[in-house]
Structures are given as C-alpha cells and as structure tokens.
Amino acid sequence: MKAILLFTGMLMSQLLSGQRLILLDNDLQAQNLIKEGDAAYFSGDFKKSIQSYQQLAEIKHHDPEVLFNLAIGFMANGKTDSTFHLLFAIIDSGYRQADFIRYTAEFEKLHGSAKWKTLIKELDARFTDYCKTNSITNEKVAKQLDYLFYIDQKYQRIGTFKRRYACAYPQYTDKAIDSLQDNTFRKNVDYLKQLFAKDGYLWKSDIGKEAAHISWIIAQHADFDTAFQKEYLRKMKVAVDMNEASAKDYAYLTDRVRKNTGEKQLYGTQMNYITTRDSTGKIKVESGIWPVEDEANLNQRRKEVGLVPIEEYLQMMKLLNNH
C-alpha cells in the first residue's frame with residue numbers, strides 16, 4: 001500500500017516552491033532509498049538524490065512515481081532531454097494524475113517548448129480516451145476533480161516534508177500551512193456542494209472510479225462541516241450497494257464522521273496524532289488509534305470492506321509518520 005507525498009524543485013530558492021511526488025510502501029529497501037534520496041534532495045545534493053532514485057527504479061522498474069522523481073532530479077541538473085524522456089514514459093505507464101505534471105513548478109522552464117506542448121496535448125488526449133473507455137458521462141467534472149485532488153494534496157505534502165526535513169519549505173510557517181490547507185479544503189467542499197445541487201451526487205458511472213474517489217477525499221477532509229459529511233455518507237451507502245462507490249472509502253468516512261461526532265469508530269481507520277517539537281525545532285508525530293467499538297470483531301469488519309488487518313495498518317501508519 002502506498003501513500004503519495006510531495007517533492008520540490010531546481011535551485012534551493014526555487015526548490016521550495018515546487019512539488020515532487022514520493023512514495024512509501026512496505027519494502028524496507030525502498031523505504032531507505034526514498035528517505036536517503038529525499039534527505040539529499042532537500043539539502044541540495046541533487047546528484048545523490050538521483051542516484052538513490054535510480055537505485056529505486058531498478059527495484060520498481062516502471063513505477064510512475066519513481067520516474068516522476070527522476071524527472072525532477074534531472075530537471076534540477078538541467079538535463080531537459082532526460083526529463084522529457086521520463087515524463088513521456090510516465091504517461092505511457094498509464095499514470096492518471098496528470099495535473100501533478102501539468103502544474104509542478106520545476107517544469108515551468110519547459111512550458112514554452114514544442115515538446116511540452118506535445119506532452120500536454122498527449123495528456124489531454126489520454127484523459128479523453130480514458131473517459132471513453134470507461135463510459136464516463138461527465139468528462140468535464142472528472143477533469144476538474146483531478147485538479148482539485150492536486151490542490152487538496154499540495155499543502156498536506158508541504159507540511160509532511162516540513163515535519164520530516166528541517167531544511168524543507170522554510171518560507172512556510174506551520175500556521176501558514178494549516179491556513180492554506182484549510183482554505184483549500186473549504187473551497188473544494190464548496191465546489192462539491194454546488195455540483196451536487198446542480199447535477200445531483202455523481203459516482204463511478206458518471207465521473208469514473210478515480211474521480212469518485214477524489215470526491216470522497218474532499219468529503220473526508222470536510223471536518224469543519226460534519227453535516228455535509230453525514231449527508232455524503234448517507235448518499236454513499238446507496239452508491240456502495242449499487243457498486244457505484246468504494247466500500248473501503250465508505251468505511252473510512254464512516255469512522256471519520258464517528259470521530260468528528262465523538263463516537264467510537266467501527267473500522268479502525270482513524271488515528272490520534274500528538275505533535276511535539278524538540279529543543280532543535282524538529283517536529284515529532286506520535287500516533288495512536290482512535291477508540292474502536294467491538295474491538296474483538298474489528299478485523300472481521302475490516303476484511304468485509306477490503307481493508308488489511310489492523311496490525312498491518314498500524315505498522316504502515318508508524319512508517320508514514322516516521323516513528
């Protein structure tokens with residue numbers, strides 16, 4: 001299971017304004033290479049970072065997130081031909097998050113070139129083909145949700161890297177990141193409310209599995225509006241029963257709503273996070289599971305919706321939070 005995070009850019013002053021994709025999974029060797037590559041990158045040692053990700057690419061041969069990181073590294077070293085080669089390879093791999101390519105700041109110097117225009121044209125064509133292949137009836141909304149996912153993730157990832165690496169994003173304070181993230185979440189929820197008021201709730205057959213998942217992510221992050229979350233959850237239950245939405249996503253939102261209303265959760269997806277800062281200013285995050293109803297049958301409930309056993313999930317959370 002992977003958690004996608006962010007990455008940044010070219011010279012140290014520009015490095016902190018861009019984005020970079022990163023992945024974390026249960027492969028110990030991969031984890032070490034990721035951490036080694038990121039630590040080098042945020043310290044400005046781009047060559048070492050590239051070496052780490054090249055080693056990672058040997059393990060995860062065609063993983064688009066690995067290729068993306070290498071493209072960023074090559075761009076940081078001024079190797080535009082290699083950057084384009086990898087970006088086209090990412091597209092050919094079937095990578096779906098096109099807006100992470102389209103809006104990543106590191107690639108801005110490429111935007112005026114003929115190759116970049118060809119790249120963007122190909123991205124758009126692939127998206128249209130994807131919609132046709134999957135009989136998606138509302139391509140415009142599906143594409144807009146792809147963009148909202150990019151925005152949703154942006155400041156969360158900045159915050160993650162800032163906690164992980166002392167030299168990452170010095171231009172942002174923790175308070176500023178929280179404010180930017182909250183503002184983004186609220187704008188995305190406003191979009192969904194307006195969309196649903198106009199077109200009704202949209203699910204897999206309307207906008208595709210991926211966009212339906214993004215819609216759920218936006219609802220999942222609407223902790224400031226539990227009334228909206230509850231209504232979304234009610235509509236989602238019907239969609240799950242019709243195979244129009246993910247049972248896993250439904251389980252997560254069920255727990256989220258229960259946590260937000262002070263109830264015990266059912267599926268063990270929600271955590272408590274305690275953040276502390278040591279004398280050097282380094283942030284440490286410790287996690288523990290939110291109280292669970294009927295703990296004896298927790299793993300059975302998780303299995304029924306396709307979730308891994310709670311022991312494996314908690315280990316993943318530990319790795320993700322670097323403790």
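Analyst: Asn77 is partly exposed in this predicted model, because its relative accessible area is 29%, a value that lies between the 20% under which a residue counts as buried and the 50% over which it counts as exposed. Asn77 sits in the loop that links helix 4 (64-76) to helix 5. Leaving aside residues up to four places away in sequence, Asn77 touches Phe46, Lys47 and Ile50. For one of these, Phe46, the separation from Asn77 is 31 residues in sequence, while the C-alpha atoms of the two are 7.2 Å apart in space.

From this loop the chain goes on to helix 5, and helix 5 (80-92) is among the elements that cover the buried residues of helix 7, together with helix 6 (98-102), helix 8 and helix 11 (209-220). The residues of helix 7 that are buried are Trp116, Leu119, Ile120, Leu123, Phe127, Tyr130 and Cys131. Seen down the axis of helix 7, these buried residues fall within an arc of 110 degrees, and therefore they line one face of the helix. An α-helix has 3.6 residues a turn, so residues three or four places apart point the same way. On the other side of helix 7, Ala114, Lys117, Lys121, Lys132 and Thr133 are exposed.

The length of helix 7 can be checked as well: its 20 residues, 114-133, should span 28 Å at 1.5 Å a residue, and because the end C-alpha atoms are 28 Å apart, the two values agree. After helix 7 comes Ser135, with a positive phi near 55 degrees. Most residues other than glycine have a negative phi.

Helix 8, which is one of the elements covering the buried residues of helix 7, runs over residues 139-164 and contains Gln153. Gln153 has a relative accessible area of 12% and is therefore buried, since the limit for that term is under 20%. The side chain of Gln153 is joined to that of Asp152 by a polar contact of 2.8 Å.

Tyr169 is buried, because its relative accessible area is 0%. Asp294, in the loop between strand 2 (283-289) and helix 14 (298-304), likewise has a positive phi, of about 50 degrees, without being a glycine, but Asp294 is partly exposed, with a relative accessible area of 39%.

Definitions and conventions: Residues are numbered from 1 along each chain as its sequence is written. This is a predicted model: local features need pLDDT of at least 70, side-chain atom pairs count only at pLDDT 80 or more; totals for chains, interfaces and linings use all residues. Side-chain values use heavy atoms; hydrogens and water are left out. Helices (H or I, at least four residues) and strands (E, at least two) are DSSP runs, numbered from the N terminus. Buried means under 20% relative accessible area, exposed over 50%, partly exposed in between (1.4 Å probe, protein chains only). A polar contact is a pair of N or O atoms within 3.5 Å; within protein, one must be able to donate a hydrogen and the other to accept it, and residues adjacent in sequence count only if both atoms are side-chain atoms. The expected span of a helix is 1.5 Å times one less than its number of residues. The arc is that of the directions from the helix axis to the C-beta atoms. Contact means heavy atoms within 4.5 Å.
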